[in-house]
Structures are given as C-alpha cells and as structure tokens.
Amino acid sequence: MRSEPAVSSQRLHRAEDRPCIEPVQLSGVAGVTAPRLDLERSATGSGGAPRVPVRIKDLKAKDFRAALAGGEFSLAYQPIVSAATGAITGCEALLRWQHPFLGPVSPADFIPPAEETGAIRPIGAWVLEAACRQAAVWPDFCRVSVNVSPVQLQDPGFADRVVAALRASGLAAGRLELELTEGVLMGDVAVALEGVAALRALGVSIALDDFGTGFSSLGYLQRFAFDRLKIDRTFIRGLGEARESWFLVRTMHDIAHHFGMAVTAEGIETEDEARMLREIGATELQGFLFSRPVAGAVATALLSEQAHRLRSGEAGPPAKSSDHPVP
Ligand code: C2E
Ligand code: MG
Ligand code: MG
C-alpha cells in the first residue's frame, strides 16, 4: 500500500503578496507614498502617471477592460492541504491586479467596483479560463478552486461558460471547484439555484466561502446543495482565546457534517489553530501556516514534488520550498 505523508502543518511556502496596508510607491511620482487603503491618488501627470485622481471605487467598466487587455491581472494560487495527511489536495486561485500607477491593488478593494460596473463578468471569465488551464498541467490529485461573484452566477449563460473553460483546457469537471458566498442570495435566487444545479450536474463541486460572515438565515443550506463549507478566518482567529469561538467553529463543522459537506478551515496561521481544527474534524486546512498564495509555477513545482514523493512511496510531510515572489 502506498504510504501517505505524515500529518504535518509544516509550512509549504512562505512567499506572500504585500500586506493590505503596506504603503504603495506611486510609480512616476518621486517620493510619494500613500497608504494602501487610502485609494485616492492625486497624481500630477509626470512620469506617465494619470492626470486625474484615480479612485478605485470610481473605476469604470472601460478601465477594467483596459486592465484586462493590458495583461495587468494575474492569478496567485494558495495550496489547501488535507487535515489528515498535510498533503496538498487543491489550490485556490486568487486574483491579483498590478495597476501601472497604483501598484498592487487588493481584490478586496477592486472586486466590489468590478461587480458594480459589471466588469466582473469578463474578468471572472478570464479567471476561470486561466485557472482551468493552469490546473490542467497539475497532477490529477489537485483540484483548483475559483471564486465566483454572485453577479456571474446571475448570468443564465454562466454554466455554459464553465463548460467552455473545461473543454478548452481539457480539465476534468471533477477537478474544478467554484467558491460562492452568501451573496448568491442577494440576486435572483431561482437563477442562482438553477446555475448551481447545472454545474453540479456537470461534476463541478460547489463550496460556500466565508461561511457565517453574511446575514443570511441558514435555510439556504438546504436549498443550495453545497459540497463544501469554508469556515472564515474571523472565526479561526479567536479559537485559542475564547471557548465561545471554539463552540462556534465546532457548531459550523457539525452543521456541515449533517448536510454531508466537507469542511475547509481558512486563514490558519498557527500550529495551535491547526491542531484544534484537526480535533474538531475539519477535512482540509488553508492558511499562511501552510503556504501563502504563490505564483502558478511555484504551485506546479510544489505539486510535482508531492507527486514524486507519492510515486516513490516516501512518507513525510510536503517538502519545504524556498521563497519565491508572488505575482
Ligand atoms: P477568499 O476567497 O476568502 O480568499 C481568502 C483570502 O484570505 C485571500 O485574500 C488570501 O490571501 C487570504 N488568506 C489566506 N490565508 C490567510 C491567512 O492565514 N491569514 C490571512 N490574514 N489571510 C489569509 P485575497 O487574495 O486578498 O482575496 C480576498 C478576497 O477577494 C477573496 O477572499 C475573495 O472573496 C476575493 N477574490 C479573490 N480572487 C477573486 C476572483 O478571482 N474572483 C472573485 N469574484 N473574487 C475574488
Ligand atoms: Mg475563496
Ligand atoms: Mg474565504
């Protein structure tokens, strides 16, 4: 019998994209820095900088289209590991935007205006295609998780787009997981339900992301048959400190279990958190403790290494790799 890697939360990778509140150097505007969350930029027009202030929330669909056409978007991939073995079972595709003047812009900042302008549709289509193409070169044991905006799911043609991305890449439907949030309940629920059913019929799995952070009643868990529940890191954070947090996470796990859903705990940063999640019975773990989001090529190298170790029957946790920059 093939031996599994030993249980470990050994960090797979340390490279990280910049923290959200790191000051950003404005390209072409000497010596000017601005806090990342203050997204208003009063660039002067020198050195190629824009002549008008750029505010992320004021971006128009055409700005996003230009960024897409200009190749300013890329994907980083964050490994997700088995709670039992520590082996990588999947990678989550996370969108990155390198703006020519603003520098790296966080998805938490640009996804909302992209949704408001409808630009999330072409951007989301690009993410889906790129992530499927990337995963198609990975070993079969690794799935790819793609975040899908509720706006995309409101499009009746969305399932067809997924089929097209799978066909074009050659990726098996069973290796694609789509992550939805409770936001799916804000639009036309019937359309969303239909979309989810069509995708699951294809063999694509559906995860409920950021569980517990929205304001929805739990009734939708019965209507949307999710395959996986992702417990948000806000709940993981308090695990070691307050007994109440432990009960909350335990209850979320039990709900998932009773609905036949797997559980991924997100945002794990400490060994203690990982240990508690294993004791609670989480299926998979994801967080900086194991790996930061990494470039596609780095994820590919980590997976090849793991495939090699599995083939040679080597026991032990996934190998540690050196740091690489993230796109
Ligand atoms: P998410 O889908 O819940 O993704 C997890 C976020 O938590 C990522 O932030 C990831 O870098 C971060 N994270 C992972 N492990 C840890 C940890 O241990 N500690 C901490 N502090 N953070 C951790 P990121 O990449 O900034 O993405 C933020 C959100 O933007 C995502 O949350 C998702 O809702 C959205 N997003 C990212 N890419 C896409 C995309 O392609 N399409 C759509 N619609 N949304 C996306
Ligand atoms: Mg996600
Ligand atoms: Mg999440």
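**Helix packing in context**

Modeller: Residues 24 or more positions apart account for 66% of the contacts in the protein chain with a separation of 6 or more. Two residues are in contact when their C-beta atoms, placed from the backbone, lie within 7 Å. This is a predicted model, in which local features need pLDDT of at least 70 and side-chain atom pairs count only at pLDDT 80 or more, while totals for chains, interfaces and linings use all residues. Residues are numbered from 1 along each chain as its sequence is written, and chains are lettered from A and ligands numbered from 1 in the order in which they are written.

The protein chain contains 11 helices and 12 strands. Both are DSSP runs numbered from the N terminus: helices are H or I with at least four residues, and strands are E with at least two. The chain has 327 residues, of which 38% count as buried. A residue is buried if 20 or more other C-beta atoms, placed from the backbone, lie within 10 Å of its own, exposed if 12 or fewer do, and partly exposed in between.

Two packed helices are described by the angle between their axes and the distance between the axes. Axes are lines fitted to C-alpha atoms, for helices over the stretch in contact, and angles run from 0 to 180 degrees between N-to-C directions.

Let us begin with α1. Helix α1, residues 61–69, packs with α3 at an angle of about 25°, and their axes are 9 Å apart. The two helices are therefore roughly parallel to each other; angles under 35 degrees count as roughly parallel, over 145 as roughly antiparallel, 65 to 115 as roughly perpendicular and the rest as oblique. In passing α3, α1 makes a left-handed crossing. A crossing is left-handed if the near helix is turned anticlockwise from the far one by less than a right angle, and right-handed if clockwise. From α1, the contact uses F64, R65 and L68, and from α3 it uses P122, I123 and W126. By class, these residues divide into 5 nonpolar, no polar and 1 charged. Ala, Val, Leu, Ile, Met, Phe, Trp, Tyr, Cys and Pro count as nonpolar, Asp, Glu, Lys and Arg as charged, and the others, Gly among them, as polar.

Helix α3 also packs with α5: their axes come within 9 Å and cross at roughly 35°. Here α3 passes α5 in a right-handed crossing. On the α3 side the contact is made by A125, L128, E129, C132, R133 and A136, and on the α5 side by R161, V162, A165, L166, A168 and S169. This contact has 8 nonpolar, 1 polar and 3 charged residues.

Helix α5 (residues 158–169) in turn packs with helix α6 (residues 189–202), at an angle of about 25° and with the axes 9 Å apart. That makes α5 roughly parallel to α6. The crossing in which α5 passes α6 is right-handed. F158, A159, V162 and V163 of α5 meet G195, A198, L199 and L202 of α6. The division by class is 7 nonpolar, 1 polar and no charged.

With 10 C-beta neighbours inside 10 Å, A201 counts as exposed. A201 and A173 are 28 residues apart in sequence, and their C-alpha atoms are 9.8 Å apart in space.

The elements β4 (88–99), α2 (107–117), α3 (120–136) and β8 (205–211) each supply at least two residues of the shell around ligand 1. Helix α2 gives the most, with 3 residues. The shell has 22 residues, and L94, L95, P107, G287 and F288 come nearest; a residue is near a molecule or strand if its C-beta atom, placed from the backbone, lies within 6 Å of it. By class, the shell comprises 9 nonpolar, 7 polar and 6 charged residues.

Helix α2 also contains A108, which is exposed, with 9 other C-beta atoms within 10 Å. Strand β8 contains D210. D210 is not a glycine, yet it has a positive phi of about 55°.
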